[in-house]
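Below is a short note for your file, arranged as numbered points. Please read it alongside the coordinates.

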Amino acid sequence: MKTRETAVAIGALVACLSAQADAGAVKCSLRFDLQGWSAFYKSATGTGTVTCDNGQSARVTIRSKGGGLTVGRSKISNGHGTFSDVSSINEVFGTYAAGEAGAGAVKAAQAQVMTKGEVSLAVSGTGKGWDLGISFGEFVLKRRK
């Protein structure tokens with residue numbers, strides 16, 4: 001094969017492999033409700049649903065805990081999360097490392113980005129309550145039975 005033909009063949013192969021890799025990428029999102037409290041130790045629990053663009057979905061339970069200089073009580077309704085691309089819904093379950101800083105009163109907004117290996121989750125929501133401080137900990141997402 002000539003150099004030009006080889007370059008064209010390699011380019012076609014790379015394009016084909018990229019298309020296959022992109023075809024395997026699944027986009028998933030999370031809708032959730034979460035409520036919790038903090039007094040130096042922060043704890044929150046909730047439920048939600050993970051939905052993926054390949055038709056997979058699962059009801060989930062959420063548990064968040066950590067420590068830090070926090071005081072407050074909050075409730076988030078109709079929260080939303082977006083996962084980084086995965087190959088299957090099974091990759092979204094597990095424990096994410098989390099960090100947060102915030103302040104709010106009465107109506108509060110919250111945003112947080114967490115990671116679990118190569119999977120990231122960005123969540124946001126609005127709610128009611130009061131909260132002041134900085135906390136670090138974990139965010140656990142489990143399939144609900």
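**Notes on the predicted model**

1. Ile 62 is found in strand 2; helices (H or I, at least four residues) and strands (E, at least two) are DSSP runs, numbered from the N terminus. Ile 62 is buried, at a relative accessible area of 2%, where buried means under 20% relative accessible area, exposed over 50%, and partly exposed in between (1.4 Å probe, protein chains only). Its contacts, leaving out residues up to four places away in sequence, are Leu 30, Phe 32, Leu 34, Ala 44, Thr 45, Gly 46, Thr 47, Phe 139, Val 140 and Leu 141; contact means heavy atoms within 4.5 Å.

2. Basis of the model. This is a predicted model, in which local features need pLDDT of at least 70 and side-chain atom pairs count only at pLDDT 80 or more, while totals for chains, interfaces and linings use all residues. Residues are numbered from 1 along each chain as its sequence is written, and side-chain values use heavy atoms, with hydrogens and water left out.

3. Confidence. The protein has a mean pLDDT of 75, and 62% of its residues reach 70 or more; pLDDT is the predictor's confidence in each residue, from 0 to 100. Among the elements, strand 1 has the highest mean pLDDT (85) and helix 1 (residues 3-23) the lowest (45). Over residues 6-21 pLDDT stays under 50, and the model has one contact beyond four places in sequence for them. Where pLDDT is low, the predicted coordinates should not be read in detail.

4. Overall layout. Of its 145 residues, 30% are buried. Among contacts with a separation of 6 or more, 69% are between residues 24 or more positions apart. The accessible surface is about 8,700 Å², and carbon and sulfur atoms account for 59% of that; accessible areas come from the Shrake-Rupley method with a 1.4 Å probe, and for residues only the protein chains shown count as cover.

5. Which residues of the largest nonpolar core touch the most other members? They are Leu 30, Val 50, Phe 83, Val 92, Tyr 96 and Leu 141, in a core of 25 residues. Two or more residues come from each of strand 1 (28-52), strand 2 (57-83), strand 3 (94-116) and strand 4 (119-143), and strand 1 gives the most, with seven. A nonpolar core is a set of buried Ala, Val, Leu, Ile, Met, Phe, Trp, Tyr and Cys residues joined through side-chain atoms within 4.5 Å. Beyond four places in sequence, Phe 83 touches Cys 28, Ser 29, Leu 30, Val 50, Val 92, Tyr 96, Val 119, Ser 120, Leu 121 and Leu 141.

6. Disulfide. The count comes to one disulfide, taken as a pair of cysteine sulfur atoms within 2.5 Å. Cys 28 is joined to Cys 52, with an S to S distance of 2.0 Å. The link of Cys 28 and Cys 52 is right-handed, with 100 degrees about the S-S bond, and both cysteines are buried.

7. Asp 33 and Asn 78. Asp 33 is in strand 1 and is partly exposed, with a relative accessible area of 37%. Its side chain reaches the backbone nitrogen of Asn 78 at 2.8 Å; a polar contact is a pair of N or O atoms within 3.5 Å, where within protein one must be able to donate a hydrogen and the other to accept it, and residues adjacent in sequence count only if both atoms are side-chain atoms. Asn 78 lies in strand 2 and counts as exposed, at 65% relative accessibility. Phi of Asn 78 is near 55 degrees, a positive value in a residue other than glycine. Asp 33 is also in contact with residues including Thr 45, Gly 46 and Ile 76. From Asp 33 to Thr 45, twelve residues apart in sequence, the C-alpha to C-alpha distance is 8.5 Å.

8. Two serines. Ser 74, in strand 2, is partly exposed at a relative accessible area of 25%, and its C-alpha atom is separated by 5.6 Å from that of Gly 36, 38 residues apart along the chain. Ser 88 is in the loop between strand 2 and strand 3. Is Ser 88 buried or exposed? Ser 88 counts as buried, because its relative accessibility is 17%. Outside four places in sequence, Ser 88 touches Val 26 and Gln 56.
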